[in-house]
Amino acid sequence: MTDGQIRRQMIADFWYHFRQNKGAVAGLFVFVLLVLCALFAPLIAPHDPAQQFRDALLAPPVWQDGGTSGFILGTDAVGRDLLSRLIYGSQYSLFIGVVVVAIALIGGIVIGMVAGFFGGAVDQVIMRVMDVILAFPSLLLALVLVAILGPGLTNAMIAIAIVYQPHFARLTRAAVMGEKNREYVTAARLAGAGNMRLMFRTILPNCLAPLIVQATLSF
């Protein structure tokens, strides 16, 4: 079989087992729906999210007394449509989630791979730093980092990513320590593979399953 046929077979096998879990399929449907709402927000949203309707301040939802079909979820204190703001807000929510998890995941994998592969003093120093970060409440640490870095969406995403990074680092370290002494790693080392190749080409692919789960939960 060619590489393309092997990949198609793997995808088909994954989808076969995935669809057996009805909850997972329902979750995938909700996630896809949210992504579509974010992508097509200008077409779906009934109003501009910044437009103010001065004659409809704090309008109630349509199912309450005084509600109108023009504002299904009502309006806020300055007359902006809440449904439109939620739909447009999903763009920021998904974007922030993807960026934060990507930064935390990449950084955590690199740190965890180095700690787990080399061990010894390198492992001790890295893990103690991770323990210090984990010792602080997540929200408090994120607020302190934002105060240090300055206000702004970019700095907020960096701060949250730093808070989440130890979880990925510790998970990667544990997975690497369980894999680095296996036969396939020893065989690759005897074949002349360097440390970088052993870490990121040989060991890492076999450590991705728990990282994918953790990334999904963090997102």
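Visitor: Among contacts in the chain between residues at least 6 apart in sequence, what percentage join residues at least 24 apart?

Guide: Please bear in mind that this is a predicted model. Of the contacts between residues at least 6 apart in sequence, 59% join residues at least 24 apart.

Visitor: How many helices and how many strands are there in the chain?

Guide: The chain has ten helices and zero strands. Read from the N terminus, the elements therefore run α-α-α-α-α-α-α-α-α-α. The radius of gyration is 23 Å, well over the 17 Å that the globule rule gives for 219 residues, so the chain is more spread out than a compact globule. Along its principal axes the C-alpha trace spans about 75 × 50 × 25 Å. Buried residues account for 31% of the 219 residues.

Visitor: Which residues does UniProt list for "domain: ABC transmembrane type-1"?

Guide: The unreviewed entry gives residues 90–219 for that domain. In the model this stretch is 86% helix and 0% strand, and its end C-alpha atoms are 13 Å apart.

Visitor: How many salt bridges does the count come to?

Guide: A salt bridge is read from the distance between a side-chain nitrogen of Lys or Arg and a carboxyl oxygen of Asp or Glu, which must be within 4 Å. By this rule the count is five. One of them joins Asp 123 and Arg 173, whose closest N and O atoms are 2.6 Å apart. Asp 123 belongs to helix 5 (residues 120–135) and Arg 173 to helix 7 (residues 153–179), so the pair ties together parts that are 50 residues apart in sequence.

Visitor: Is Asp 123 buried or exposed?

Guide: Relative accessible area decides this: under 20% is buried and over 50% is exposed. Asp 123, at 6% relative accessibility, counts as buried, whereas Arg 173, at 22%, is partly exposed.

Visitor: Where do Arg 128 and Asp 131 lie?

Guide: Both residues are in helix 5, three residues apart, which is about one turn of the helix.

Visitor: Which side chain meets that of Arg 182 in a salt bridge?

Guide: The partner is Glu 179, at 3.3 Å from N to O. Arg 182 is partly exposed, with a relative accessible area of 42%, while Glu 179 is buried at 15%.

Visitor: Which side chain of opposite charge is nearest to Asp 81?

Guide: For Asp 81, the nearest side chain of opposite charge is that of Arg 85, 8.9 Å away. Asp 81 is buried yet has no salt bridge. Its place is in the loop between helix 3 (41–44) and helix 4 (82–118). A polar contact of 2.6 Å joins its side chain to that of Ser 84. Apart from its neighbours within four places in sequence, Asp 81 has contacts that include Pro 46, His 47, Phe 71 and Thr 75.

Visitor: What is the phi of Leu 58?

Guide: Most residues other than glycine have a negative phi. For Leu 58, however, phi is near 55°, a positive value in a residue other than glycine. Leu 58 is in the loop between helix 3 and helix 4 and, at 59% relative accessibility, counts as exposed.

Visitor: In which helix is Leu 139?

Guide: Leu 139 is in helix 6 (residues 138–149). With a relative accessible area of 64%, Leu 139 is exposed. Its C-alpha atom is separated by 32 Å from that of Gly 178, which is 39 residues away along the chain.

Technical notes. Residues are numbered from 1 along each chain as its sequence is written. This is a predicted model: local features need pLDDT of at least 70, side-chain atom pairs count only at pLDDT 80 or more; totals for chains, interfaces and linings use all residues. Side-chain values use heavy atoms; hydrogens and water are left out. Helices (H or I, at least four residues) and strands (E, at least two) are DSSP runs, numbered from the N terminus. Buried means under 20% relative accessible area, exposed over 50%, partly exposed in between (1.4 Å probe, protein chains only). Lys and Arg count as positive and Asp and Glu as negative; His and the chain ends are not counted. A polar contact is a pair of N or O atoms within 3.5 Å; within protein, one must be able to donate a hydrogen and the other to accept it, and residues adjacent in sequence count only if both atoms are side-chain atoms. Contact means heavy atoms within 4.5 Å. The radius of gyration is taken over C-alpha atoms; the globule rule is 2.2 Å times the number of residues to the power 0.38. UniProt positions are given in the numbering used here, feature names are shortened, and annotations may be inferred rather than shown by experiment.
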